[in-house]
Amino acid sequence: MSKQPVSRRQFLNYTLTGVGGFMAAGMLMPMVRFAVDPVLKGEAAGDFHPTQQKVSELTSTPVRVDFSYEQKDAWYTSEVTNTAWVYKNDKGEIVALSPVCKHLGCTVSWEGSGHEDKFFCPCHNGLYEKSGKNVPGTPPLKPLDIYPTAEKDGLLQLGKPEANNV
Amino acid sequence: MNWNGKDAALFTQQKEYIDTAVVPFVSVDFETAMIQSAEQYEFIQLLIAFLEKQFKGRMLVTPPHSYFSGRDSKLADAAEWAAKLQKAGFKHIFFFTSDSFWNGRDAEIGASVIWVPSIPLGAMDEGLKYSLIENQAKQIVNIIVQKWQEKAL
Ligand code: FES
């Protein structure tokens, strides 16, 4: 038992401050959300990650571009490093392909193990054309995913890989 | 494949494609060798994470096998890992370690020992850390691909 019992006045004071606080928070929270929300949304929609690759230096030969960023899932923050194979196609458009094999997820490499003009997967000999299209008769059943690309200050930026309809 | 529910489920469906098992072997010490033991663990885990990304579709990374360095049954324990994995159908079994005890014991335990002296990563800058690991890992990539070719799928 406490030696100093709480007086009626104190009790009311405490309770009302508490309740008032909750009410204030209840009113303020949505306002804060409205203010902050556009910022959060902008980030999600933009979702392009910067790379160190100069767009002007891209050629028709695929090069490996590594980029990393911080990813936050609830309380778990991890540094993610991703890779893309990037080149300019005949029309001069930038093509950035995900290196993740559509069979079981190994990393493919351009002209790996001497496969000319193809992406090669060392795990079960999967093959893809330069466009990312899977070569029939090899294990992968879908083309390599493709990254949306953007340019900022002459440097390449990459979004989230999407299904490739080649 | 990693040791989690999603990958394990995929493994059971696609068993015929996943013929390689990787087990990190880490010694644990709480006395004078504690820092070294922790460093070796950190190094091996990062190295294996890189390899798993390269070879996800053909290799399963198991939880680490950790042991006290003075333990008597070290060799028997290792042989048991190898036997269990063999029984599960793995054709290629790699034990990754920075502990020199395992160096050259492949035949004795029935698995390929990949011994990599660890680099003290300590407070190293992240970027440098990853590029160091990557350089090491690339050499191991070649070893693994070579083993695959020796015993073709
Ligand atoms: S994971 Fe690429 S061919 Fe199987």
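**The nonpolar cores**

Begin by selecting B:Phe96 and B:Ile144: these residues have the most contacts inside the largest nonpolar core, which comprises 36 residues. The model is a predicted one. To display the elements that give two or more residues to this core, select strand 3 (76-88), strand 4 (94-97) and strand 6 (119-121) in chain A, and then helix 2, strand 2 (59-61), strand 4 (92-97) and helix 5 in chain B.

Next, centre the view on B:Ile144. Which residues does B:Ile144 touch, not counting residues up to four places away in sequence? They are B:Leu51, B:Phe55, B:Met59, B:Phe94 and B:Phe96.

Now select B:Ala21, B:Val23, B:Leu85 and B:Ile93, which are among the 19 residues of another core, lying apart from the largest one.

**The interface of chain B and chain A**

Select the residues of each chain that contact the other: 16 residues come from chain B and 12 residues from chain A. The two chains bury about 1,100 Å² between them, and 54% of that area is on carbon and sulfur atoms. Within chain B, highlight B:Tyr17, B:Lys53 and B:Gln54; these supply 37% of the area that chain B buries against chain A, more than any other three residues.

For the polar side of the interface, display the residue pairs in polar contact between chain B and chain A, of which 7 are counted with both residues at pLDDT 80 or more. Colour helix 2 (34-55) and helix 5 (126-150) of chain B, the elements that give two or more residues to the side of chain B that touches chain A. Helix 5 of chain B provides the largest share of that side, 4 residues. When coloured by class, the side of chain B that touches chain A shows 8 nonpolar, 3 polar and 5 charged residues.

How many salt bridges does the rule find across the interface of chain B and chain A? The rule finds 1. Select A:Arg64 and B:Glu134 to see their side chains meet in a salt bridge, at 3.1 Å from N to O.

**Salt bridges within chain B**

Over all chains, the structure holds 13 salt bridges. Select B:Asp19 and B:Arg58, whose closest N and O atoms are 2.9 Å apart in a salt bridge. B:Asp19 lies in the loop between helix 1 (5-13) and strand 1 (20-28) of chain B, and B:Arg58 in the loop between helix 2 and strand 2 of chain B; the pair therefore ties together parts that are 39 residues apart in sequence. Both B:Asp19 and B:Arg58 are buried.

Move on to B:Glu52 and B:Lys56, which form a salt bridge with their closest N and O atoms 2.9 Å apart. B:Glu52 counts as buried because its relative accessibility is 7%, whereas B:Lys56, with a relative accessible area of 23%, is partly exposed.

Then select B:Glu126 and B:Lys129, a salt bridge in which the closest N and O atoms are 3.7 Å apart. These residues are 3 residues apart in helix 5 of chain B, so about one helical turn separates B:Glu126 from B:Lys129. B:Glu126 counts as partly exposed at 38% relative accessibility, while B:Lys129 is buried, with a relative accessible area of 9%.

Technical notes: Residues numbered from 1 in each chain as written. Chains lettered and ligands numbered in written order. Predicted model: local features only at pLDDT ≥ 70, side-chain atom pairs only at ≥ 80, totals over all residues. Heavy atoms only, no water. Contact = heavy atoms within 4.5 Å. Buried area = accessible area lost by both parts, 1.4 Å probe. Salt bridge = Lys/Arg side-chain N within 4 Å of Asp/Glu carboxyl O. Polar contact = N/O pair within 3.5 Å; in protein donor to acceptor, adjacent residues only side chain to side chain. Nonpolar A, V, L, I, M, F, W, Y, C, P; charged D, E, K, R; others polar. Core = buried A, V, L, I, M, F, W, Y, C linked by side-chain atoms within 4.5 Å. Buried < 20%, exposed > 50% of the residue type's maximum accessible area, 1.4 Å probe, protein only.
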